[in-house]
Amino acid sequence: MCPLRRFYEKYFSKVKIYDRTLWRSYAATVAFLSSIITLISFFNTAEGSCIGVRGWIIVYIIMLVGSFVYIWYKANVLNEAYLSINNTKVEVIIGDIFDQLSNPDQHDGEITVIAVNDYYDYIVDDRIVSNKSLHGQYIKKIISAGKLDALNQKIENDPVLQSMGNPKEDGARKEGRKVRYELGSLVEFENYILTAFTNFDADNKAFLSADEYMHFWMKFWENIDTVYAGRTINIPLMGAGITRFRNGKPTKQQLLETMLWSLKISGFHNTYGDKKIRFIIYEPDAAEINFYSIQHNM
């Protein structure tokens, strides 16, 4: 790939040149520049400026082109978005969902959501739970901290999960837990919330349809309202990993927009003090997220 092509891909490919939101922003800039140039050129030509009318036209064109390139560049390199949905502060930022485990003192008053399968499994062997998934990484951290037994007891005995999860016994299952829960059910353990996000088939493969994805989010917003207790909620980009979607996998942009849209129509809000809902995007996924569109169109 030639250097110019690499430069374009890195700095100008995410927000296309024909993006309507981009041109609306540019139109406002053009109106401002036009007013400034008109005033400056009027007073300068009145005093006999050496630039002249043609010179001011050239300056104006240079400013128009320069301002567009700058706005286009800034739109492409934007890596965060700040919104207000249902009167709730909403952030979309790049970060690490497990930072709460490493730096608990910096996350006082926060809870973090981890997506798991509908059995809330804990066997990380790349057959039942993948090592690469957030679910697998979380379980490994719990095991290394010596807290797996406590987590298992919480899942098996938590009254909130039992009441909302519609548990069903699956006696035919050979490995892992034998009770499965409804998508969107959740259980809290030490400021982390595990939520049933994917169905498991007989071969322990996680799968989800588009309808189930939306169903999950509507149940999740309904259920989180019972446990979040006015804390900031940290949520990863769910479905961006190894989850199998029927009829084709949505893009990461589509997943994020669905998460935000479901929040909006759910009516859920978090207006306690300075608390918020924070959607956390992993660095490798950020290249596929159009933060500019999120900021201006959600």
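Mentor: Start with Gln162, which belongs to helix 7, residues 159-164. Helices (H or I, at least four residues) and strands (E, at least two) are DSSP runs, numbered from the N terminus. The model is predicted, with pLDDT of at least 70 needed for local features and 80 or more for side-chain atom pairs, while totals for chains, interfaces and linings use all residues. Residues are numbered from 1 along each chain as its sequence is written, and side-chain values use heavy atoms, without hydrogens and water.

Trainee: How many of the residues of strand 3 are buried?

Mentor: Eight of the eight residues of strand 3, residues 110-117, are buried, so the strand is largely enclosed by the rest of the structure. Check both faces: Glu110, Thr112, Ile114 and Val116 point one way, Ile111, Val113, Ala115 and Asn117 point the other, and all are buried.

Trainee: Which strand does strand 3 pair with over six bridges?

Mentor: Two strands count as paired if DSSP finds at least two bridges between them. Strand 3 has six bridges to strand 7, residues 192-200, in the parallel sense. One place to look is Asn117, whose bridge partner in strand 7 is Thr198. Strand 3 also runs parallel to strand 9, residues 232-236, and three bridges join them. There, Glu110 faces Thr232 of strand 9.

Trainee: Which strand pairs with strand 9 over four bridges?

Mentor: Strand 11 does, in the parallel sense; Ile277 of strand 11 has Ile233 opposite. Strand 11 also pairs with strand 2, residues 88-94, through six bridges in the parallel sense. In that pairing, Ile281 of strand 11 is opposite Ile94. Strand 11 covers residues 276-281, and because six of the six are buried, the strand is largely enclosed by the rest of the structure. Lys276, Arg278 and Ile280 point one way from strand 11, with Ile277, Phe279 and Ile281 pointing the other way.

Trainee: How many aromatic pairs does the structure hold?

Mentor: A pair of aromatic rings is described by the distance of the centres and the angle of the planes. Rings of Phe, Tyr and Trp (its six-membered ring) pair if their centres lie within 6.5 Å; planes under 30 degrees apart are stacked, over 60 edge-to-face, and the rest tilted. The structure has 24 such pairs. One of them is Trp217 with Phe220, edge-to-face at 5.4 Å centre to centre and 80° between the planes. Both lie in helix 8, residues 210-224, three residues apart, so about one helical turn separates them. Trp217 and Phe220 are both buried. They belong to one aromatic cluster that includes Phe197, Tyr213, Phe216 and Trp221.

Trainee: Over which ring does the charged end of Arg173 sit?

Mentor: A charge sits over a ring if NZ of Lys or CZ of Arg is within 6 Å of the ring centre and within 35 degrees of the ring normal. Arg173 has its charged end over the ring of Tyr119, 3.7 Å from the centre. Lys141 is placed over Phe98 in this way, at 5.4 Å.

Trainee: How many residues line the largest pocket?

Mentor: Rolling a probe the size of a water molecule over the atoms shows where empty space is left. In this structure the largest pocket has 32 lining residues, and those nearest its centre are Ser133, Leu134, Gly241, Ile242 and Thr243. Strand 3, helix 5 (134-144), strand 7 and helix 10 (283-286) are the elements that give two or more residues to this lining. On a 1 Å grid over the protein atoms alone, a pocket is an open set of points where a 1.4 Å probe fits, with protein on both sides within 12 Å along at least five of seven lines; lining residues have an atom within 4 Å of a point.

Terms used. Buried < 20%, exposed > 50% of the residue type's maximum accessible area, 1.4 Å probe, protein only.
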